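Please keep the sequence and the structure in view while reading.

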Amino acid sequence: MILDQSTAQILLHNMKRIRAVEEEIAERYSEWEMRCPTHLSIGQEAVAAVVGHLLNHDDLAVSTHRAHAHYLGKGGDLKAMIAEIYGKETGCSKGRGGSMHLIDKSVGFMGSTAIVGGTIPIGTGLALGMKYRKTEQISCIFVGDGAIEEGAFYESANFAALHQLPILFICENNLYSVYSSLSKRQPTGRKIHELAKEIGLSSDYADGNDIMQIYEILEPTINAVRAGKGPSFIEFSTYRWREHCGPNFDNDIGYRSEEEFAEWKMKDPISSFQHQLKVSSFIDDNILIDMDEKIENEIKEAFNFAQESNFPNRETLAEYIYSD
């Protein structure tokens, strides 16, 4: 195993925490206290857990409409995230943004957006600033496979390659853009990471359900970007379990089959990694019980905090909307 015991346990904890948070969101969503659309990444926790662990505190990240895992992985405050989804003043965006507009500059999470590909130019601009200031930071840009079909990606990727910017593009390819499969949107045989390579990005591919593969490919890639070797693009194959937007399962509407869903669910990154750690004697049942209890208690505190927090005062609704 390439991971030491401590790192392995941290990554398992981070994955389990992300999933438990989102499962609680799904469980409570029907209470109608969370009134914003919410896009869950249950089944896709592994990439966010590893990326968040390997990035430095002062590295910057931007994300997509499916941003909860990325925000938590980068160190975002759980209480502030849940409060934001509840539309409360104590939320990370002061209750103005909701689930798809998370930001926490104190941990370098510079924002997410509902516009597909909308944060790609922002992350590129952040990287340009890093290069001018000659810092050792990198800009991490999370995208889905759908964003590869946006002009903003091509323009930004070209600019990043031309100016050798310190950017790490993380593409979570979960095969679907809303209800349209990759096969309906892109030519047969095209590989996203190969397309990125032709633009001029250093490019690679890995199984997004395999923690070991993810870590093994990300650690040297991040080091290379930080050392000034130019922008990198990594495509990870993954799969969301729940519906595109909302807390439910949607296999019944016909855009994907139960057989496909079951096949991907068998690749569950959490259960497979947990099994590896138990076989390697890196973890035991007592540690797992304690881990799960701590996560459960933290989540309860976060939801209590959100429910007890105040909504923004009407007089302040125009504040925090635009930068000074």
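## Aspartate 104 and its surroundings

Which residues does aspartate 104 touch, not counting residues up to four places away in sequence? Aspartate 104 touches Tyr71, Gly76, Asp77 and Phe109, where contact means heavy atoms within 4.5 Å. Aspartate 104 belongs to the loop between helix H4 (78-85) and strand E2 (109-112). Helices (H or I, at least four residues) and strands (E, at least two) are DSSP runs, numbered from the N terminus.

Aspartate 104 is buried, its relative accessible area being 15%. The term buried means under 20% relative accessible area, exposed means over 50%, and partly exposed lies in between (1.4 Å probe, protein chains only). Serine 93 is 11 residues from aspartate 104 along the chain, and the C-alpha atoms of the two are separated by 7.9 Å.

## Basis of the model

This is a predicted model, in which local features need pLDDT of at least 70 and side-chain atom pairs count only at pLDDT 80 or more, while totals for chains, interfaces and linings use all residues. Residues are numbered from 1 along each chain as its sequence is written, and side-chain values use heavy atoms, with hydrogens and water left out.

## Salt bridges

Side chains of opposite charge can pair when their charged atoms come close. The structure contains 13 salt bridges, each being a side-chain nitrogen of Lys or Arg within 4 Å of a carboxyl oxygen of Asp or Glu. One of them joins lysine 16 and aspartate 292, with an N to O distance of 3.2 Å. Because lysine 16 lies in helix H1 (residues 5-28) and aspartate 292 in helix H12 (residues 285-308), this pair ties together parts that are 276 residues apart in sequence. Lysine 16 is buried at 14% relative accessible area, whereas aspartate 292 is partly exposed at 34%.

Glutamate 24 and arginine 28 form another salt bridge, their closest N and O atoms being 2.7 Å apart. These two residues are four residues apart in helix H1, so about one helical turn separates them. Glutamate 24 is partly exposed at 24% relative accessibility, and arginine 28 is buried at 15%.

Aspartate 250 and arginine 256 also meet in a salt bridge, at 3.4 Å from N to O. Both partners are buried: aspartate 250 has a relative accessible area of 3% and arginine 256 one of 4%.

## The crossing of H1 and H2

The axes of H1 and helix H2 (residues 45-54) come within 9 Å and cross at roughly 130°. Axes are lines fitted to C-alpha atoms, for helices over the stretch in contact, and angles run from 0 to 180 degrees between N-to-C directions. The two helices are therefore oblique to each other, since angles under 35 degrees count as roughly parallel, over 145 as roughly antiparallel, 65 to 115 as roughly perpendicular and the rest as oblique.

On the H1 side, the contact is made by Thr7, Ile10, Leu11, Asn14, Met15, Ile18 and Arg19; on the H2 side, by Glu45, Ala46, Ala48, Ala49, Val50 and His53.

## Serine 156

Serine 156 is located in helix H6 (residues 151-163). This serine is buried, with a relative accessible area of 6%. Not counting residues up to four places away in sequence, serine 156 touches Ile120, Pro121 and Thr124.
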